[in-house]
Amino acid sequence: MARARTTADAFNAIAEPHRREILTFLKGRERVVSDIADAMGMNQPAVSKHLRVLREVGLVYVHPEGKQRRYGLDARGLEPVHGWTGGFEEYWSESLERLNTYVRKRQREEER
Amino acid sequence: MTPDTALSDRELMVSRLIEGPRDVVFEAFTEVQHLSRWWGPKGFTTTTRTFEFSEGGVWEFTMHGPDGSDYPNWIQWMEIRAPEVIVLRHGEGPDDPDQFSSTFFFEERTDGSRVILRSEFKTKELRDRAAQEYGAIEGGNQTLDSLATYVTGRLE
């Protein structure tokens, strides 16, 4: 099966561990490429490549400031991922999982 | 409606086997001290303002998400047939135009009890929205770390 392009959507973009690390690093603060490269222990061209992918799927924005380009996390790009993890089915699977745990606990207490 | 009626495009359904007798499972739906122990996704807690478990009675509560977000909830019981069926209306408040109706079925099985939930929305659009974002709509900025862990787990 052909692999989906990394820029096809947010899911493909965050399938790559370095890109997830970069997103986590950008959380709450804009950074320049060299900061990111230092923090990740990667070279700048590699970081730039990842940033380009993240920008194309809308997970990262760029903010030019004088000569510098500062990168930031655009969490709106994660909406499809949140949707996938936070929908009705997920909500109720988790609730009913907790119900199961609770019912089992109550029975164990009664047995004592 | 029974659990087996075909789903319309305005409905969503989930079911789960609970390892316990039906009366114990049903009881977990009838009192705040039980409901507050399990209602909501992992990491959520509830604060109850009003609770009366009876047909026409109301449960008003706030759900607190793990990221500190609060979600107002309003539930009115429409039909209670212990220990088989509970029908309720669910929304953010009594005047919420997007209220929807949920039916819980409780079925006895040899290895426990099956809980089946069917929710019916006013429109297909509301149903689709709930399928994607009902409940844990935590603002984009949170839980990136746990998200990453979750996604990694799925992919590996």
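This is a predicted model: local features need pLDDT of at least 70, side-chain atom pairs count only at pLDDT 80 or more; totals for chains, interfaces and linings use all residues.
Is Thr50(B) buried, partly exposed or exposed? Thr50(B) is partly exposed, because its relative accessible area is 33%, where buried means under 20%, exposed over 50% and partly exposed in between, with a 1.4 Å probe and protein chains only. Residues are numbered from 1 along each chain as its sequence is written, chains are lettered from A and ligands numbered from 1 in the order in which they are written, and side-chain values use heavy atoms, with hydrogens and water left out.

Let me stay with Thr50(B) for a moment. Thr50(B) lies in strand E2 of chain B, and helices (H or I, at least four residues) and strands (E, at least two) are here DSSP runs, numbered from the N terminus. Leaving aside residues up to four places away in sequence, Thr50(B) touches Val58(B), Trp59(B) and Glu60(B), contact meaning heavy atoms within 4.5 Å. Between the C-alpha atoms of Thr50(B) and Ile75(B), which are 25 residues apart along the chain, the separation is 10.0 Å.

Also in chain B, Phe53(B) and Trp77(B) form an edge-to-face aromatic pair, 5.1 Å centre to centre with 75° between the planes. For such pairs, rings of Phe, Tyr and Trp (its six-membered ring) must have centres within 6.5 Å, and planes under 30 degrees apart count as stacked, over 60 as edge-to-face and the rest as tilted. Phe53(B) sits in the loop between strands E2 and E3 and Trp77(B) in strand E4, so the pair ties together parts that are 24 residues apart in sequence. Trp77(B) is buried at 3% relative accessible area, whereas Phe53(B), at 22%, counts as partly exposed. Further along, a cis peptide bond with omega of about -5° joins Ala82(B) and Pro83(B), and Pro83(B) is found in the loop between E4 and E5.

Turning to chain A, there are six helices and three strands, and 45% of its 112 residues count as buried. How do its helices H2 and H4 cross? The axes of H2(A), residues 17–26, and H4(A), residues 44–56, come within 10 Å and cross at roughly 75°, the axes being lines fitted to C-alpha atoms, for helices over the stretch in contact, with angles from 0 to 180 degrees between N-to-C directions. H2(A) and H4(A) are therefore roughly perpendicular, a term that covers 65 to 115 degrees, with under 35 roughly parallel, over 145 roughly antiparallel and the rest oblique. On the H2(A) side the residues are His18(A), Arg19(A), Ile22(A), Leu23(A) and Leu26(A), and these meet His50(A), Leu51(A), Val53(A) and Leu54(A) in H4(A).

Finally, the largest nonpolar core has 36 residues, and those touching the most other members are Trp92(A), Leu99(A), Phe29(B), Trp38(B), Trp39(B), Phe104(B) and Val115(B). A nonpolar core is a set of buried Ala, Val, Leu, Ile, Met, Phe, Trp, Tyr and Cys residues joined through side-chain atoms within 4.5 Å. Helix H6 of chain A, residues 88–111, gives the most to this core, with seven residues. A second, separate core of 21 residues includes Ile14(A), Val53(A), Leu54(A) and Leu73(A).
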